[in-house]
Amino acid sequence: MTRSGDLVYTDSWDGSINRVSGTQIQQRFKLLGMKSNTKIETLITPKGWRPHGVSSTSSGDLLAIMDSDDEKETKVVRYSGPVEKESIQYDDQGKPLYTTGGFANKRSLSENKNLDICVADLGARAVTVVSAAGKLRFRYTGRPSTTWKPFEPLGIITDSQGNILISDGSNQCIHIIDKDCHFLHYIDSCDLQLPRGICVDFSDNLFVAELGTGKVKKIQYYK
């Protein structure tokens, strides 16, 4: 959702980024489909690339993570309207920041309050965080334990404190780290079943979409 209340989403099949006006979104919006008279506006169709995730920023820009049509390259692009303002693809050594893989690799992204761009990269089993200028700040690869399965970052969101929340599908929990990659704690006591998509509201309530149950859980994680 944008700051103005519009719904923006990617369609990986036709390689587009689309918008539904907030005035058309019903309170009882059905996830299985929109009404036939809902107007869908195509905002961006990047040539040679297919977007797989999109996020709205505090400035009103859009951030999109996308793969090349041949699935050999991945980058994050910042858009102001339909205009590309920034492309983030390599670190200072010229190495790719993100893994490739198209539909085989799930990725999501979110902008932090300090304007860092945070990407959950399932193929790398890591969260990659870069500055607004595209400089690598850190990678978070989970907190390994002899009893845990490998880190499986599926969803990511940031909250009003600048903390980063990551859904971990294989370990059925949410990791919370601060803006500098210091681990804070897990949310693992809510019987989560394959947590995937996550978001927070203005009161820092956490909403978790469970792939295992098809339900959305609301969690108050700040006291």
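**A guided reading of an all-strand model**

All five of the five residues of strand 9 (residues 117-121) are buried, so this strand is largely enclosed by the rest of the structure. Here buried means under 20% relative accessible area, exposed means over 50%, and partly exposed lies in between (1.4 Å probe, protein chains only). Strands (E, at least two residues) and helices (H or I, at least four residues) are DSSP runs, numbered from the N terminus.

The model is predicted: local features need pLDDT of at least 70, side-chain atom pairs count only at pLDDT 80 or more, and totals for chains, interfaces and linings use all residues. Residues are numbered from 1 along each chain as its sequence is written, and side-chain values use heavy atoms, with hydrogens and water left out.

The protein chain as a whole has zero helices and 18 strands. Of its 223 residues, 44% count as buried. Contact means heavy atoms within 4.5 Å. Among the contacts in the protein chain with a separation of 6 or more, 41% are made by residues 24 or more positions apart.

Two strands pair if DSSP finds at least two bridges between them.

Strand 8 (residues 107-111) runs antiparallel to strand 9, and five bridges join the two. Ser 108 has Ala 120 of strand 9 as its bridge partner. The hairpin of strand 8 and strand 9 has five residues between the strands, and Leu 115 in this hairpin takes a positive phi near 75°. Strand 9 is also joined by five bridges to strand 10 (residues 126-130), again in an antiparallel arrangement. Here the bridge partner of Val 119 is Thr 128 in strand 10. Four residues lie between strand 9 and strand 10 in their hairpin, and Arg 125 in the turn has a positive phi of about 50°. Strand 10 and strand 11 run antiparallel and are joined by four bridges, with Val 130 opposite Leu 136 in strand 11.

Rings of Phe, Tyr and Trp (its six-membered ring) pair if their centres lie within 6.5 Å; planes under 30 degrees apart count as stacked, over 60 as edge-to-face and the rest as tilted. The structure holds three aromatic pairs. In one of them, the rings of Tyr 140 and Phe 151 have centres 5.5 Å apart and planes at 80°, so the pair is edge-to-face. Because Tyr 140 lies in strand 11 (residues 136-140) and Phe 151 in the loop between strand 11 and strand 12, the pair ties together parts that are eleven residues apart in sequence. Tyr 140 is buried, with a relative accessible area of 4%, and Phe 151 counts as buried at 7%.

A second open sheet has four strands in the order 12-13-14-15, with antiparallel pairing. Strand 12 and strand 15 (183-187) stand at its edges with a single partner strand each, so one side of each has no neighbour in the sheet. The twist from one strand to the next averages 20°. Strand 14 (residues 173-177) pairs with strand 15 over four bridges in the antiparallel sense, and Ile 177 stands opposite Phe 183 in strand 15.

Phe 183 also takes part in another arrangement: the charged end of Arg 143 sits over its ring, 4.0 Å from the centre. A charge sits over a ring if NZ of Lys or CZ of Arg is within 6 Å of the ring centre and within 35 degrees of the ring normal.

Finally, Asn 163 is found in the loop between strand 12 (153-158) and strand 13 (164-168). Asn 163 counts as buried, at 11% relative accessibility. Leaving aside residues up to four places away in sequence, Asn 163 touches several residues, including Ile 177, Leu 184 and Tyr 222.

How values were computed. Axes fitted to C-alpha atoms, helices over the stretch in contact; angles between N-to-C directions.
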